[in-house]
Amino acid sequence: MPSDTELRLTELRDALHRANHRYYVLDDPEISDAEYDSLMRELVALETAHPEYITIDSPTQRVGAPLDEAFAAVTHRQRMFSLDNVESIEELEAWQARLERTLGRDPNGYVCEQKIDGLAVSITYSEGRLVQAATRGDGSVGEDITANVRTIDAVPLRLMGDPPQLMEVRGEIYMPVSAFETLNARQAELGEKPYVNPRNTAAGSVRQKDPAKTAERALSIWLYQVGHVVGGPELSTQWDSLQWLADMGLRVNPASRRVDDVAAIEDYVATTEKGRHANDYEIDGVVVKLDELREQDEVGYTAKSPRWAVAFKLPPEEKTTTLEEIRINVGRTGAVTPYAVLDPVFVGGVTITNATLHNEGEIHRKDVREGDTVVVRRAGDVIPEVVGPVLSKRATGSKIWRMPAECPFCSNAIVQPEGEAKARCTGGFSCPSRLREYLYHFASRGAMDIEGLGYKTVDLLLNEGLIRDPADIFRLEAARLLEFEGWGETSVDNLLAAIDAARDRPLARVLTALGIDHVGGTVARSLAIRFGSLTALMEASEDDITEIEGIGPEIARSVVAWADDPDNRDLVDRLASAGVRLADPEPAEPVAGSLPLAGLSFVVTGTLGGFSRNEAKALIEERGGKVTGSVSGKTAALIAGASPGSKLAKAETLGVRVLDEDAFVALLEDGLGNESVD
């Protein structure tokens with residue numbers, strides 16, 4: 001008979017499995033984060049005290065030990081075929097006609113599914129417990145990625161209901177767009193190169209040698225096909241198969257539809273293409289399958305693909321255009337970034353005229369040259385990037401691009417520091433490009449939030465000689481500003497009021513604004529909590545700084561080097577004399593519940609006119625709130641800009657409050673409850 005400890009362990013695991021299913025699969029949590037954490041703490045404590053009772057499917061066992069060797073080979077119980085593609089309605093109709101000829105009748109319905117742009121995997125459950133996961137590989141043999149897949153919260157470690165004795169199920173692992181944006185924001189904070197797209201990043205994350213690294217990437221999954229099964233029910237259709245998978249707690253995409261004919265397939269394709277960027281995941285097509293499994297068997301396979309399924313590819317997110325010129329920009333830290341000036345091309349919903357080239361090494365690696373026909377990519381909200389040249393169209397005599405020896409903005413030398421990918425201008429803030437970018441960053445919403453001090457105004461003030469560093473912003477006078485054409489008393493008063501308000505920003509905002517290498521909003525908040533004042537931080541040693549959780553030696557060296565620079569010390573003195581507050585009046589870490597949005601979760605969707613996604617997220621987090629990627633019953637409000645997509649419909653279905661941009665501004669000022677609601 002089980003002991004009281006074993007019974008309690010079973011209760012805790014069952015409760016946590018239910019909570020994970022409600023949260024990660026159904027997106028409809030039934031318990032609070034605090035309740036979940038309490039259950040998990042109790043489970044961890046009991047398992048620590050009684051390790052003999054730990055089971056492989058326990059919620060505590062998601063992250064395993066790092067892999068010692070390369071991924072082992074796994075032979076699939078059933079081959080994972082690739083799909084044939086069609087790219088037009090005519091080709092789709094031709095596919096349907098072939099099915100009709102083979103069957104001798106009209107097919108009895110189809111299932112349409114979104115084609116997720118991710119990594120195909122098979123996952124095996126034995127007696128309802130996850131025992132193996134593998135990549136597709138060559139279709140017959142893949143790589144064992146079990147330890148990494150176990151870290152993905154959306155993949156249940158134990159199935160629900162009455163699972164079969166053995167089951168292999170197929171799906172697509174992907175990185176949500178929101179998680180990808182968060183990852184790249186962190187890369188930017190660290191001064192690292194951004195990842196190119198969610199698909200490649202997801203694939204790389206699944207193949208990490210250390211499962212803990214995979215766990216950090218916030219991956220998810222959609223399951224779409226039953227493979228080999230022993231002891232399962234008699235399924236007759238693909239649609240029934242999807243419902244069965246969902247009943248066992250597996251994550252099945254709710255966008256899938258059963259349809260009767262090709263006309264309905266065409267409607268599904270059109271709807272999917274129209275809303276392809278409305279989801280928190282990337283898609284590159286629609287998969288159409290015969291619904292009846294008997295008809296699938298009757299139609300059969302070619303050597304590499306099922307005849308009963310086809311992938312309708314959506315228009316490409318890559319286009320070709322001419323790279324007219326390679327120019328450079330000097331950023332706020334002095335880093336020199338080359339970029340491509342392109343013949344305008346429409347791709348991914350926008351017209352692209354410029355695209356990043358990252359650094360000289362990347363240009364040489366891709367062998368991109370001025371005058372080339374190049375492939376340009378833009379997926380979702382990713383920064384436009386040149387993928388590479390079309391070599392067959394390269395003109396004779398094209399030249400390899402070299403980084404100029406002198407900065408075109410200030411004529412100072414451009415150098416390549418040892419061990420760094422980016423070159424740097426040595427002109428300091430005598431470089432007008434660097435100074436311009438620095439001042440714009442200093443005044444931006446994520447930093448000192450000085451409304452009205454955008455690029456246009458910064459350029460004007462620089463050209464007129466009124467500012468030469470951030471401290472000069474706080475010494476601007478109304479009489480001088482009123483001399484400018486188009487500037488009246490109202491606009492001048494508004495700018496000066498915004499500047500005056502910026503004198504009292506929290507220390508974390510000041511640290512972000514100062515543009516210290518590798519110090520973005522998250523690191524700045526950690527530094528502010530630890531040191532409380534800029535004076536204390538500038539006297540800190542590298543060891544003092546690395547004591548902070550999440551801050552390593554590179555960030556510490558950067559902060560100390562910045563603080564040791566006499567020009568930076570002079571700037572700090574000038575800011576202080578201009579009345580800028582450089583210390584928090586009380587500990588930066590708030591008492592729980594003291595901030596207006598403490599404990600509340602929000603989702604941001606669509607395009608906001610006055611905020612980027614990262615800016616909106618930072619402003620919510622500063623007020624104690626949390627920003628998540630999907631709407632659920634625990635979402636306090638959806639912040640909806642232009643083209644909000646499917647998240648708006650889900651919010652309305654769940655009864656979640658929806659705020660437009662004006663209401664969002666009111667939310668930031670007054671907290672939840674005083675804003676207008678759409």
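Reader: What do the buried residues of α22 pack against?

Author: They pack against α12 (432-443), α14 (470-473), α19 (534-538) and α21 (553-564). The model is predicted; local features need pLDDT of at least 70, side-chain atom pairs count only at pLDDT 80 or more, and totals for chains, interfaces and linings use all residues. Residues are numbered from 1 along each chain as its sequence is written, and side-chain values use heavy atoms, with hydrogens and water left out.

Reader: What makes α22 a helix here, and what is its reach?

Author: Helices are DSSP runs (H or I, at least four residues), numbered from the N terminus. α22 has twelve residues, 566-577. Its reach is 17 Å from first C-alpha to last, close to the expected 16 Å. That expected span is 1.5 Å times one less than the number of residues.

Reader: Why are the buried residues of α22 said to be on the same side?

Author: They are Asn-568, Leu-571, Val-572, Arg-574 and Leu-575. They cover an arc of only 165° around the axis, so they share one side of α22. The arc is taken from the directions from the helix axis to the C-beta atoms. Pro-566, Asp-573 and Ser-577 are exposed on the other side.

Reader: Why is Trp-95 called buried?

Author: Buried means under 20% relative accessible area, exposed over 50%, partly exposed in between (1.4 Å probe, protein chains only). Trp-95 has 4% relative accessibility, so Trp-95 counts as buried.

Reader: Which residues is Trp-95 in contact with, leaving aside neighbours within four places in sequence?

Author: Contact means heavy atoms within 4.5 Å. Trp-95 is in contact with Tyr-110, Val-288, Arg-307, Trp-308, Ala-309 and Val-310.

Conventions:
Helices (H or I, at least four residues) and strands (E, at least two) are DSSP runs, numbered from the N terminus.
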